[in-house]
Amino acid sequence: MTIQFKALPTEDVRALQRGGPDAYGQTPERKISDGDGMPCRHCLKNIAAGDAYLILAYRPFPGLQPYAETGPIFLHAEACDRAAETDALPEVLESPDYIVRGYGSDDRIVYGSGGVIPTAAITARAETLFERHDIAYVHVRSARNNCYQCRIERA
């Protein structure tokens, strides 16, 4: 099976970069990167030291419901190109492991699908999850802080 890592949609990111409200209705905070661990969820690359970035609350779900987790993410403050939808592991996934968890078409966690997975095994884990018909998509989240990193879908 082929999978695709998917970054945040460009139209959503551009609205935030123009000062649009985050998931909590707040204006994103603007900071300068020290180059250490600031992954942009749009280009799926780390934000270089000296570059401006945004911190904001993000909810990667279409609506409010008990499983619609909201948390902090980083974006480049200036326009960056959206990462290509590919089966290649994104550059930002450089920690030793991540939470990989499946969601159903109702945007709710599919129990028994989540786990802390070594980074090198994320693709294989996602492919295994997609063998299940109740898994519509997969999230990759920080194993340390549960922050949303990217989405994986069937290609």
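I3 stands opposite R154 of strand β8, within an antiparallel pairing of β1 and β8 that extends over four bridges. Strands are taken as DSSP runs of E with at least two residues and helices as DSSP runs of H or I with at least four residues, both numbered from the N terminus; two strands pair if DSSP finds at least two bridges between them. The model is predicted, and local features were required to have pLDDT of at least 70, side-chain atom pairs counting only at pLDDT 80 or more, whereas totals for chains, interfaces and linings use all residues. Residues are numbered from 1 along each chain as its sequence is written, and side-chain values use heavy atoms, with hydrogens and water left out.

Strand β8 also pairs with β7, in the antiparallel sense and over four bridges. H139 has R151 in β8 as its bridge partner. Five residues lie between the strands in the hairpin of β7 and β8, and N146 in this hairpin takes a positive phi near 65°. Five of the seven residues of β8 are buried, so the strand is largely enclosed by the rest of the structure; buried denotes under 20% relative accessible area, exposed over 50% and partly exposed in between (1.4 Å probe, protein chains only).

Q149 is located in β8 and is buried, with a relative accessible area of 5%. A polar atom of the Q149 side chain lies 3.2 Å from the backbone oxygen of C147. Not counting residues up to four places away in sequence, Q149 touches P39, R41, L44, L93, Y98, V140, R141 and S142, contact being defined by heavy atoms within 4.5 Å.

The largest nonpolar core comprises 20 residues, of which F5, L93, I122, F130, V138, V140 and I152 touch the most other members. Such a core is a set of buried Ala, Val, Leu, Ile, Met, Phe, Trp, Tyr and Cys residues joined through side-chain atoms within 4.5 Å. Two or more residues are given to this core by each of β1 (3-6), β5 (97-103), α2 (122-129), β7 (137-142) and β8 (148-154). The largest share, three residues, comes from α2. Apart from this core lies another, of 18 residues, including C43, Y53, F74 and A77.

In α2, the buried residues are I122, A126 and L129. Viewed down the axis of α2, these residues fall within an arc of 60°, so they line one face of the helix; the arc is that of the directions from the helix axis to the C-beta atoms. The buried residues of α2 pack against β1, β5, β6 (115-118), β7 and β8.

Terms used
A polar contact is a pair of N or O atoms within 3.5 Å; within protein, one must be able to donate a hydrogen and the other to accept it, and residues adjacent in sequence count only if both atoms are side-chain atoms.
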